[in-house]
Structure formats: structure tokens, C-alpha cells
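Visitor: I would like to go through this structure with you. Could we begin with the strands and then turn to the helices and the aromatic rings?

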Amino acid sequence: GSVWLAQNDEIMQQNTDTLWNANSEHVLTSAELKETQELLSSRRNATTYADYTRKWQRIPSEGQAVIKEKLGLTDAPVVLLATNVLGDSLTLGRNTFTKSMTEWIIRTIQYFMERPEVQLVIRIHPGEALVKRGSILDMIRKTLPQLPVHIKLIEPLDEVNTYDLMDVADLGLVYTTTVGLEMALRGIPVVVAGKTHYRNRGFTNDPNTWVEYFKLLNRLLENLRENRLSKEQVNLAWKYTYLFFFRYQLPFPWKMGNLKEDVVNNPLKSVLDEHGLKKYKATFDQMTFTKSNHGNSK
């Protein structure tokens, strides 16, 4: 996708506290909501958006009926656990009550192995298709080689659209992946195990200990379909999504997915001229940490 530079001095942590606090009373305009919906639609339907070069899915959405038949899902409640890529920078230093993301995944699977009345769907991040060794998929297979029928493991190259999985999910479990944020937009209750940027924003469940985590799962599983998010929480999630994608990030002239062409189309001379600096100066200020623009639009 497009290479963007987060506008804070804790880039890898994606600290959006200042942005969120400064815009707590912001009400989305119809144009802002439409812009956000268009971005998310491109992610769902395996198309690109604006100058992004990354497609977020291997195949377009196929619908609930198709995905349920493809995975052999019944009418029992569905819990969607979406993983990050093992070793992804977005998981580093993000532990809350776990020693690691892998510990959280294994202990969660073991918990659901004792809950056959609930279907657990584990969506391995599609990016793991590029991992040579040490993947989440390998870790699960090695640690838990025999999974019961009510636990479905979706591999990176499987022809499955993650957004179809969201559409059939009654509960989301995530570490730091943006899938958790996108499930909240649909009113799905989400439990966040890692220190992600959208944690503690008012629309997710955020346990701080293993005891809290398992108590929370027990409570939610008592009646998943009565624990959907309120209208106010869904609205919060939409506001946060807009702010994160359209206010928090700054443009960058060269994208990894299209680097050769971008270097030709955006040579350094043009990037640093008057027109280029008008667009990219705030980005370069953040790279050199000369000032802080927390919460400004790009």
C-alpha cells in the first residue's frame, strides 16, 4: 500500500492519544463518512484506493452464504480470531497481559477447544504467505496439531475474504490488527489483547490480565448476540476510523509497491521545490523530529 509516515515521535506505537483527545467532540460530516466508506469498500473488495498500491484481500467479497458453505459453518455462534504476522513491527512492544502474541493465540485456542458450542475461526494474516519460517501457522500446527471440527484454521493463501468472515462473526478477538477496528464498525463486540492504537477508545473490550480476559470471554459467550455494540459505540468507531486514516497519517512521495516509478515521477528536486514542500513539509518535519503536529490533517 501507500507508504505513509505517522505524525508522532512514537511511530511504531501509532500513538493516537493527542489526535483522539483533540477531536473527541468531532462529528463526522457526510463527506467524511463517505470518504471513509469508500476506503473500507476498496479494502473489502480487493481493489485499490486513491494512490494506495496495496490490495487488502486476495479475492473480492463472496457473501455470507458462500463463506459459511466453504468453511462448513453451522448456525452456532462464530468467534473470529484475526492474527498479525509473527514478528510484525505492529506487534513489537505491544504486550499487555501476555508474554507474546503467540502465547495469547495458543491459550485462546485451548480455551475454545473446551467450548464446542462455539465455532472459532482463526484467520491467519495473508501476509504470512511471504514468511519463509517462524510463522503463526507453523506455530499452531506444531503446538496444537489436532484441532477439533468446531475450530477452523484459515491459511494465508486460502481463497477466503476476511470481510466475509467479519459478516458472519458474533465476536472478534485481536491482538493489534486493524481487523478489530473494522469489526467494531459492524457492531461486533471485539476483545483486544494487545496494545493497539484503538484500544481504550470506548468501542472495544480491553482486559488487562489473564483473569479479566477469560472472565470477559465467559460473560460474552453467555449470549453473544445480545452483546453487540450500541449505536453510540459504533459511531465512535466510525469517527476514530476516519481520524486514523485521514487525519493521523501524512503523505510520503515514494511507495514501496511502486518505488521505481515513484522515484521517476517524484524526483527529489520536485519533492523539495515550493509545490512539493507544500505537500510534504509536515512529513519531513516529523522525520527529523523538528516539531510535533499531533492531530493535524495531512
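Visitor: In which sense do strand β3 and β4 pair, and over how many bridges?
Guide: This is a predicted model. In it, strand β3 (residues 119–123) pairs with β4 in the parallel sense, over four bridges.

Visitor: Now the helices. At what angle do α2 and α9 pack?
Guide: Helix α2 (residues 30–44) and helix α9 (residues 231–246) pack at about 80°, and their axes are 10 Å apart. An angle of 65 to 115 degrees counts as roughly perpendicular, and α2 and α9 therefore fall into that class.

Visitor: Which residues make the contact?
Guide: α2 contributes E32, L33, E35, T36, Q37, L39, L40 and R43, while α9 contributes W238, T241, Y242, F245 and F246. These divide into seven nonpolar, three polar and three charged residues.

Visitor: And the aromatics: how are Y111 and F112 arranged?
Guide: Y111 and F112 form an edge-to-face pair, 5.1 Å centre to centre with 80° between the planes.

Visitor: Is Y111 buried or exposed? What about F112?
Guide: Y111 is buried, at 14% relative accessible area. F112 also counts as buried, because its relative accessibility is 0%.

Methods. Residues numbered from 1 in each chain as written. Predicted model: local features only at pLDDT ≥ 70, side-chain atom pairs only at ≥ 80, totals over all residues. Heavy atoms only, no water. Axes fitted to C-alpha atoms, helices over the stretch in contact; angles between N-to-C directions. Helix = DSSP H or I, 4+ residues; strand = E, 2+ residues; numbered from the N terminus. Parallel < 35°, antiparallel > 145°, perpendicular 65-115°, else oblique. Contact = heavy atoms within 4.5 Å. Nonpolar A, V, L, I, M, F, W, Y, C, P; charged D, E, K, R; others polar. Pairing = 2+ DSSP bridges. Phe/Tyr/Trp six-rings, centres within 6.5 Å; stacked < 30°, edge-to-face > 60°. Buried < 20%, exposed > 50% of the residue type's maximum accessible area, 1.4 Å probe, protein only.
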